[in-house]
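Me: I would like to go through the pockets and the helix packing of this model. Please begin with the terms.

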Amino acid sequence: GHDICLVTVDDDRSDFFELDPKVERRVLRCAGASKSLIQALARNWRTLRYLRGVIRDMAPDAVLSFMDSTNVLTSLAAIGLRRRVVVSERNNPDLNPLPLVWKLARRFAYHLADCIVVQTEAVRDWYVDRGLSKGDYWLVNEKIVSGYVQANFESGAFRGNVGGRYVFTRDTSNFFTQSGG
């Protein structure tokens with residue numbers, strides 16, 4: 001087995017799923033909205049420093065990152081630490097564009113990653129067309145079906161609801177070749 005450490009910017013109060021007790025968690029405690037450019041720069045610099053410290057101290061075989069701004073910070077934090085960095089792009093950049101500063105940072109930082117994982121061929125093509133890739137991707141084909149049923153009730157002083165959720169997921173990985181370094 002492998003030791004796994006999950007690094008988050010916020011504590012477990014915002015978690016959607018319970019974390020397996022075998023997974024170590026490190027909380028950076030730097031989540032939050034910034035009210036000014038100076039505050040945003042300071043918050044992201046602090047996040048980058050904390051993240052770099054965790055990567056240096058843990059010395060992992062690989063660092064996996066998810067979501068665009070986190071991918072940028074992770075790639076930058078790992079500079080010079082000789083760790084393989086895999087970034088997973090979970091959005092279509094045409095449908096969810098980044099602010100200019102993050103676009104420029106992504107252009108630099110994604111070249112530092114060893115691999116970029118994307119959800120669709122269209123997103124792969126977006127990165128190749130803009131020169132952000134030096135190769136191919138691990139393309140994940142994910143199919144999800146979900147449904148939710150909720151019934152509300154009220155009787156005198158009691159009220160509430162009860163619900164159920166169904167989720168079916170199927171993943172297939174098509175190919176992998178190194179991108180970046």
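Reply: A pocket is an open set of points on a 1 Å grid over the protein atoms alone, where a 1.4 Å probe fits, with protein on both sides within 12 Å along at least five of seven lines; lining residues have an atom within 4 Å of a point. A volume is the space filled by probe spheres set on the points, which are joined across faces, edges and corners. The model is predicted, and totals for linings use all residues, while local features need pLDDT of at least 70 and side-chain atom pairs pLDDT 80 or more. Residues are numbered from 1 along each chain as its sequence is written, and side-chain values use heavy atoms, without hydrogens and water.

Me: What volume does the largest pocket have?

Reply: The largest pocket has about 1,700 Å³. Its lining comprises 46 residues, with Cys-5, Leu-6, Val-7, Leu-64 and Phe-66 nearest the centre.

Me: Which element supplies the largest share of that lining?

Reply: Helix α1 does, with seven residues. Helices here are DSSP runs (H or I, at least four residues), numbered from the N terminus.

Me: And the second largest pocket, how much space lies in it?

Reply: About 300 Å³. Of its 13 lining residues, Ala-40, Leu-41, Asn-44, Val-101 and Trp-102 are closest to the centre. Again α1 gives the largest share, six residues.

Me: Changing topic, at what angle do the axes of α1 and α2 cross?

Reply: The axes, lines fitted to C-alpha atoms over the stretch in contact, with angles from 0 to 180 degrees between N-to-C directions, cross at roughly 55° and come within 9 Å.

Terms used. Helices (H or I, at least four residues) and strands (E, at least two) are DSSP runs, numbered from the N terminus.
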